Amino acid sequence: MLQPATHRTGTQQSPAEEAATLHEVLIDPSECNACSGCCDICPDIFEWDQDMGRPSLKRQYATHDEVREAISLCPRRCITVEGWTEEFY
Ligand code: SF4
């Protein structure tokens with residue numbers, strides 16, 4: 001069962017547990033260039049906000065696998081997820 005990372009006990013997780021853990025996703029609007037790539041690549045998590053003219057989050061929490069491609073391809077590196085490190089790229 002998927003659980004937000006905030007519900008973890010602080011113990012080391014196995015790769016399988018880590019893959020199933022939900023982490024908070026954030027977009028830094030000051031860095032985003034509004035290319036909409038994240039919305040195209042990962043429409044389950046990101047959506048285009050017509051009023052704001054930039055992406056917003058459909059879901060605040062996602063697994064690393066769910067956002068891996070969007071994070072990797074974001075040209076401004078402005079998507080952050082708790083626990084994400086450069087080695088995941
Ligand atoms: S891919 Fe990155 S730069 Fe492009 S809209 Fe999404 S958050 Fe902004």
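This is a predicted model: local features need pLDDT of at least 70, side-chain atom pairs count only at pLDDT 80 or more; totals for chains, interfaces and linings use all residues.
Visitor: Where do I start with confidence?
Guide: Start with the average, then look at the elements. The chain averages a pLDDT of 86. Of the residues, 83% score at least 70.

Visitor: Which element has the lowest mean pLDDT, and which the highest?
Guide: Strand 1, residues 3-4, has the lowest, at 58. Strand 3 has the highest, at 98.

Visitor: How many helices and strands does the chain have?
Guide: There are 3 helices and 6 strands. Then read their order along the sequence. The pattern is β-α-β-α-β-β-β-α-β.

Visitor: How do I read strand pairing?
Guide: Strand 2 pairs with strand 5, residues 61-62, in the antiparallel sense over 2 bridges. Within that pairing, His 23 has Ala 62 as its bridge partner. Strand 2 is also joined to strand 6 by 3 bridges, and these two run antiparallel. There, Ile 27 is partnered by Ile 79.

Visitor: What about side chains along a strand?
Guide: In a regular strand, side chains alternate between the two faces of the sheet.

Visitor: Which strands form a hairpin?
Guide: Strand 3 and strand 4 do, with 4 residues between them. Strand 3 covers residues 46-49 and strand 4 covers residues 54-57. They run antiparallel and are joined by 4 bridges. Glu 47 has its bridge partner, Ser 56, in strand 4. In the turn, Gly 53 has a positive phi of about 70 degrees.

Visitor: Why would I look at phi in residues that are not glycine?
Guide: Because most residues other than glycine have a negative phi. Two cases here go the other way. Ala 34 has a positive phi of about 60 degrees. Arg 77 has a positive phi of about 50 degrees.

Visitor: Is Arg 77 buried or exposed?
Guide: Count the neighbours. Arg 77 has 12 C-beta neighbours inside 10 Å, so it counts as exposed, the cut-off being 12 or fewer. Ala 34 has 13 other C-beta atoms within 10 Å, so it is partly exposed.

Visitor: How much of the chain is buried?
Guide: Buried residues make up 18% of the 89 residues.

Visitor: Which residues have the most contacts inside the largest nonpolar core?
Guide: Val 67, Ala 70 and Ile 79 do, in a core of 13 residues. Next, ask which elements supply it. Strand 2, helix 3 and strand 6 each give two or more residues. Helix 3 gives the largest share, 3 residues.

Visitor: What does Ile 79 touch, leaving out residues up to four places away in sequence?
Guide: Ile 79 touches Val 25, Ile 27, Cys 38, Val 67, Ala 70, Ile 71 and Cys 74. Recall that Ile 79 is also the bridge partner of Ile 27.

Visitor: Which pair is another case?
Guide: Gly 83 and Glu 18. They are 65 residues apart in sequence and 9.7 Å apart in space, C-alpha to C-alpha. Gly 83 lies in the segment after strand 6. It is partly exposed, with 13 other C-beta atoms within 10 Å.

Visitor: How many residues surround the ligand?
Guide: There are 14. The closest are Cys 32, Cys 35, Gly 37, Cys 38 and Cys 74. Then sort the shell by type: 10 are nonpolar, 3 polar and 1 charged.

Methods. Residues are numbered from 1 along each chain as its sequence is written. Two strands pair if DSSP finds at least two bridges between them. A residue is near a molecule or strand if its C-beta atom, placed from the backbone, lies within 6 Å of it. Ala, Val, Leu, Ile, Met, Phe, Trp, Tyr, Cys and Pro count as nonpolar, Asp, Glu, Lys and Arg as charged, and the others, Gly among them, as polar. pLDDT is the predictor's confidence in each residue, from 0 to 100. A residue is buried if 20 or more other C-beta atoms lie within 10 Å of its own, exposed if 12 or fewer, and partly exposed in between; C-beta atoms are placed from the backbone. A nonpolar core is a set of buried Ala, Val, Leu, Ile, Met, Phe, Trp, Tyr and Cys residues joined through C-beta atoms within 7 Å. Two residues are in contact if their C-beta atoms, placed from the backbone, lie within 7 Å.
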